[in-house]
Amino acid sequence: MDVSSIASLATSMAETGIKQEVGYAVLKKAQQMDGQVAAQLIDALPQPQRLPANLGNRINTTA
């Protein structure tokens, strides 16, 4: 191998590393945004209705 091919290989390896770091940063930001959107959707859900106290206390096992 001559010096120019070694330099070319080193440059391409460095560029690949930088591209991967940028890809991870973009992925992390997208996940943060997805989490924020999910939290907003959950907050937008209507509150459940208050049911009478006697509901949900017994299970009918003779179905």
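This is a predicted model: local features need pLDDT of at least 70, side-chain atom pairs count only at pLDDT 80 or more; totals for chains, interfaces and linings use all residues.
Q: Is Val-3 buried or exposed?
A: Val-3 is found in helix α1, which covers residues 3–44. A residue is exposed when its relative accessible area is over 50%. Val-3 has a relative accessibility of 69%, and therefore it counts as exposed.

Q: What distance separates the C-alpha atoms of Val-3 and Gln-20?
A: Val-3 belongs to helix α1. Along the chain, Val-3 and Gln-20 are 17 residues apart. Their C-alpha atoms are separated by 26 Å.

Q: Why is the protein described as more spread out than a compact globule?
A: The secondary structure comes to one helix and zero strands. For 63 residues the globule rule gives 11 Å, and the protein is well over that value, so it is more spread out than a compact globule. The C-alpha trace spans about 85 × 30 × 15 Å along its principal axes. The reason lies in the radius of gyration, which is 28 Å.

Q: What percentage of the 63 residues count as buried?
A: To count as buried, a residue must have under 20% relative accessible area. The protein exposes about 6,400 Å², of which carbon and sulfur atoms supply 61%. Of the 63 residues, the share that count as buried is 0%.

Key
Residues are numbered from 1 along each chain as its sequence is written. Side-chain values use heavy atoms; hydrogens and water are left out. Helices (H or I, at least four residues) and strands (E, at least two) are DSSP runs, numbered from the N terminus. Buried means under 20% relative accessible area, exposed over 50%, partly exposed in between (1.4 Å probe, protein chains only). The radius of gyration is taken over C-alpha atoms; the globule rule is 2.2 Å times the number of residues to the power 0.38. Accessible areas come from the Shrake-Rupley method with a 1.4 Å probe; for residues, only the protein chains shown count as cover.
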